[in-house]
Amino acid sequence: MTARVTVRSAEGPSGPVRDDTLRGFRWANRRVMLPVLCHPVLGAWAGSPVAGWFLVLTTTGRRSGLPRRTPLNYAILDGRVYLLSGFGRRADWCRNLTADPRVTLALPGRLVEGSAELVADPAEAERAALAVARNCGFALVFEGLNPLTTTDDRLRAQLAGRPVVR
């Protein structure tokens with residue numbers, strides 16, 4: 001029997017556990033999160049400090065050209081919406097918006113169209129990453145962190161180098 005080890009890096013979890021985790025998130029997003037968030041009544045009530053705050057990001061598939069929807073945690077700072085790619089640049093939504101930056105954001109109570117870009121400024125990226133992480137609710141548990149007790153320093157170390165999108 002081979003033990004699986006989770007290794008954390010700037011790109012998020014890595015190795016076999018990363019693949020299993022990514023598949024699990026994809027399944028949960030398609031089968032649970034999107035139906036709830038896109039429901040006319042449930043979607044407005046889906047976010048909370050415990051569960052996290054969610055939006056639905058629609059990108060254009062880089063190969064298919066079809067709309068692709070992904071539920072994500074977010075933060076709004078200075079009137080801009082920020083996203084953090086927990087699975088690094090490997091995440092399909094991140095690769096899609098790199099190929100075509102036009103996006104639609106379904107926020108609670110409103111739909112916003114715009115152009116997304118990776119945040120290049122390290123200070124802005126760090127500030128936004130911390131804000132998004134604090135809005136994730138229980139999802140921090142998947143990072144091995146207690147959302148109620150983890151410090152900003154611990155979050156900075158855990159999230160360093162992960163792509164932040166504005």
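Guide: In this predicted model, helix 4 gives the most to the lining of the second largest pocket, supplying five residues. As for the general idea, rolling a probe the size of a water molecule over the atoms shows where empty space is left.

Visitor: What volume does the second largest pocket have, and how many residues line it?

Guide: Its volume is about 250 Å³, and 18 residues line it, with Ala-125, Leu-159, Ala-160, Gly-161 and Arg-162 lying nearest its centre. Helix 4 (122–134) and helix 5 (152–159) each supply at least two residues of that lining.

Visitor: Which order do the strands of the open sheet follow?

Guide: The open sheet has four strands in the order 4-3-7-8, and their pairing is antiparallel. Strand 4 (67–73) and strand 8 (110–115) are the edge strands, each pairing on one side only, and the twist averages 25° from one strand to the next. Helix 3 (residues 92–99) packs on this sheet, where it touches strand 3 (54–60), strand 4 and strand 7, and its direction makes about 50° with that of strand 3.

Visitor: How many bridges join strand 7 to strand 8?

Guide: Six bridges join strand 7 (residues 102–107) to strand 8, and the two run antiparallel; Leu-105, for example, has Val-112 in strand 8 as its bridge partner.

Visitor: How many disulfides does the structure hold?

Guide: A disulfide is a covalent bond between the sulfur atoms of two cysteines. This structure holds zero disulfides.

Visitor: Why does Cys-94 count as buried?

Guide: Cys-94 counts as buried because its relative accessibility is 1%, where buried means under 20%. Cys-136, with a relative accessible area of 11%, is buried as well.

Key:
Residues are numbered from 1 along each chain as its sequence is written. This is a predicted model: local features need pLDDT of at least 70, side-chain atom pairs count only at pLDDT 80 or more; totals for chains, interfaces and linings use all residues. Side-chain values use heavy atoms; hydrogens and water are left out. Two strands pair if DSSP finds at least two bridges between them. Axes are lines fitted to C-alpha atoms, for helices over the stretch in contact, and angles run from 0 to 180 degrees between N-to-C directions. Contact means heavy atoms within 4.5 Å. A disulfide is a pair of cysteine sulfur atoms within 2.5 Å. Buried means under 20% relative accessible area, exposed over 50%, partly exposed in between (1.4 Å probe, protein chains only). On a 1 Å grid over the protein atoms alone, a cavity is a set of points where a 1.4 Å probe fits but cannot get out, and a pocket is an open set with protein on both sides within 12 Å along at least five of seven lines; lining residues have an atom within 4 Å of a point. Grid points are joined across faces, edges and corners, and a volume is the space filled by probe spheres set on the points.
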